[in-house]
Amino acid sequence: MRAALLIVLGLVIGIIGTVFTMRALSERNPFPEALMVTMGFHRHQLQQAVKGQRCEAAANLDQLQHMQMIAADIPAVFPDAPQPFNEIATHLRSALQSATQAAPADCPALAAALKPVDEACHQCHQQFR
Ligand code: HEC
């Protein structure tokens, strides 16, 4: 009788534990991934422009400005990030600021403006992703 009760108790505790774990997993903060997916979207748009040799100044600027605004959100979306992470995020912001100011009007100019931007992406992904 006592053994049966202990088994039931063990099962109940196990089920409660599983429910809590599942909840914790599904509540994983979605913001960091959402921000990066959106950043990746705009980077991909520019990639397509270069690939198709259709690098129009206004469209380039529009995508770069989106990326700049998204990069400005990195500190708020990754609030507990270590110092080196924040430094790379700062590099990314200044690279995007330069790229926006350069206002690339053709594909070679766009590719050149994106180089330091991509370096910041890769540097952070290598260390923190
Ligand atoms: C300061 C650090 C940092 C910088 C700079 C950075 N990323 Fe990320 N990126 C991350 C981290 C951390 C993840 C993993 C996020 C997660 O899944 O929670 C990530 C994930 C991603 C993903 C995968 C998202 C997914 O899960 O599907 C893409 C795409 C991406 N980044 C694009 C970019 C692009 C493009 C740039 C540059 C314009 C960039 N990132 C710059 C830190 C960074």
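Visitor: What makes Asn60, Gln63, Leu64, Met67 and Ala71 the buried residues of helix 3?

Guide: Each of these five names is listed as buried in helix 3, and a residue is buried if 20 or more other C-beta atoms, placed from the backbone, lie within 10 Å of its own, exposed if 12 or fewer, and partly exposed in between. Helices are DSSP runs of H or I of at least four residues, numbered from the N terminus. This is a predicted model, in which local features need pLDDT of at least 70 and side-chain atom pairs count only at pLDDT 80 or more, while totals for chains, interfaces and linings use all residues. Residues are numbered from 1 along each chain as its sequence is written.

Visitor: How do you know that the buried residues of helix 3 line one face?

Guide: Seen down the axis of helix 3, they fall within an arc of 95° (taken from the directions from the helix axis to the C-beta atoms), so they line one face of the helix. The face turned away from that buried side carries the exposed residues Ala58, Asp62 and Met69.

Visitor: Why is a set of 16 residues called the largest nonpolar core?

Guide: A nonpolar core is a set of buried Ala, Val, Leu, Ile, Met, Phe, Trp, Tyr and Cys residues joined through C-beta atoms within 7 Å, and the largest such set here has 16 residues, with Ala71, Leu92 and Ala99 among those with the most contacts inside it. Helix 3 (57–72), helix 5 (83–102) and helix 6 (107–128) each supply at least two residues of this core, and its largest share, 6 residues, comes from helix 6.
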